[in-house]
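Here's a quick tour of the fold, meant to be read with the structure open beside you. Take a look at it first, then work through the points below.

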Amino acid sequence: RNLLTEQANEGAIHMFGVNLKPLLMQPPVKGHVTMGLDPGYRMGCKVAVIAGTGKVLDTTVVYPTHGQRQKEEAIATLSRMIKKSGVVHIAIGNGTASKESEIFIVELIKEIKAETGRSVGYVIVNEAGASVYSASKLATEEFPNFDVGQRSAVSIARRLQDPLAELVKIDPKHIGVGQYQHDINQTLLTTALTNVVEDCVNAVGVDLNTASPSLLARVAGLNATTAKNIVAYREENGPFKTRKAV
């Protein structure tokens, strides 16, 4: 029985690693202003507009599922934000109220197209782990003045812009790679999934002048302390211009 359990553990851990890699290696949609939506019913739909560099430009909360008047107000609010910031893509989280939000966004896009002739696209984004990230210490340090919903909307938008750079901030077990993860050896699982993340980061590479500490810490030969020191040096002295400067 022990031997069979051990074999099942190894097989499950291997499959979790296999499932994690394509999630991390999704092609990014970089360089465009993106609007992230974290859908919801009672607490409304949290919205964040992100620049092509990942910087937060604007945030708000709308209530498109609370009635026709609130829906019209939501369309007017988001339409104004899209025109102001030049939003190109809208990322909608696939959680609660996702379908209702998608229907609402389609209506919004039609109105913008009829009014201005501009085309705005939308994508349904897997939001697994977004709530875990938004309540984490890392998210609190990154966005101390945002509430949990706003951070979640930012994470959803950034997942479309650069999935790898955003997903490395989340414990691999919470990214949604499969079921029953808590039934297997946690040490072996963590090691295996961390190795997959590092393989993906090193295969893609990082931009030393824009990468976050979370992403830099996954580079072979670096750790969390070194990554933070690199970012601190970069912020104080400006971007690295040569290899020798590193």
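This is a predicted model: local features need pLDDT of at least 70, side-chain atom pairs count only at pLDDT 80 or more; totals for chains, interfaces and linings use all residues.

A residue counts as buried when its relative accessible area is under 20%. Keep that cut-off in mind for strand β4 (residues 89–93): 4 of its 5 residues are buried, so the strand is largely enclosed by the rest of the structure.

- On one side, β4 runs parallel to strand β1 (residues 34–38), and 4 bridges join the two. If you want a landmark there, Met-35 has Ile-90 of β4 as its bridge partner.
- β4 also runs parallel to strand β5 (residues 121–125), this time with 5 bridges.
- Two places to look along that pairing are Ile-90, which stands opposite Tyr-122 in β5, and Ala-91, which stands opposite Val-123 in β5.
- How does the chain get from β4 to β5? It goes through helix α3 (residues 98–116), in a β-α-β crossover that is right-handed.

**Helices on the sheet**

**Nonpolar cores**

- The largest nonpolar core has 35 residues, and the ones touching the most other members are Leu-20, Leu-24 and Val-201.
- Which elements give two or more residues to this core? They are α1 (2–24), β2, α6 (148–161), α7 (163–167), α8 (186–204), α9 (213–216) and α10 (224–237).
- Helix α8 provides the largest share of this core, with 6 residues.
- Not counting residues up to four places away in sequence, Val-201 touches Leu-164, Val-168, Val-206, Leu-215, Arg-218 and Val-219.
- There's a second, separate core of 21 residues, and its members include Met-35, Ile-75, Met-81 and Leu-108. Met-35 is also the residue whose bridge partner in β4 is Ile-90.

**Aromatic pairs**

- Searching the whole structure turns up 2 aromatic pairs.
- One is Phe-143 with Phe-146: the ring centres are 5.2 Å apart and the planes are at 5°, so this pair is stacked.
- Within that pair, Phe-143 is buried at 9% relative accessible area, while Phe-146 is partly exposed at 21%.
- Tyr-233 and Phe-240 form a stacked pair as well, 5.5 Å centre to centre with 15° between the planes.
- Here Tyr-233 is partly exposed, with a relative accessible area of 41%, whereas Phe-240 is buried at 13% relative accessibility.

**Single residues worth a click**

- Is Arg-158 buried or exposed? It counts as buried, at 13% relative accessibility.
- You'll find Arg-158 in helix α6. Leaving out residues up to four places away in sequence, Arg-158 touches Ile-50, Gly-54, Glu-142, Phe-143, Pro-163, Glu-166 and Lys-169.
- Ala-97 sits in the loop between β4 and α3. It has a positive phi of about 70° although it is not a glycine, and it is buried at 6% relative accessible area.
- Asn-9 lies in helix α1 and counts as buried, with 17% relative accessibility.
- Asn-9 and Asn-185 are 176 residues apart along the chain, yet their C-alpha atoms are separated by 7.0 Å.
- Setting aside neighbours within four places in sequence, Asn-9 is in contact with Ile-184 and Asn-185.

Notes
Residues are numbered from 1 along each chain as its sequence is written. Side-chain values use heavy atoms; hydrogens and water are left out. Buried means under 20% relative accessible area, exposed over 50%, partly exposed in between (1.4 Å probe, protein chains only). Two strands pair if DSSP finds at least two bridges between them. A crossover is right-handed if, with the strands pointing away from the viewer, the path from the first strand over the helix to the second runs clockwise. Rings of Phe, Tyr and Trp (its six-membered ring) pair if their centres lie within 6.5 Å; planes under 30 degrees apart count as stacked, over 60 as edge-to-face and the rest as tilted. A nonpolar core is a set of buried Ala, Val, Leu, Ile, Met, Phe, Trp, Tyr and Cys residues joined through side-chain atoms within 4.5 Å. Contact means heavy atoms within 4.5 Å.
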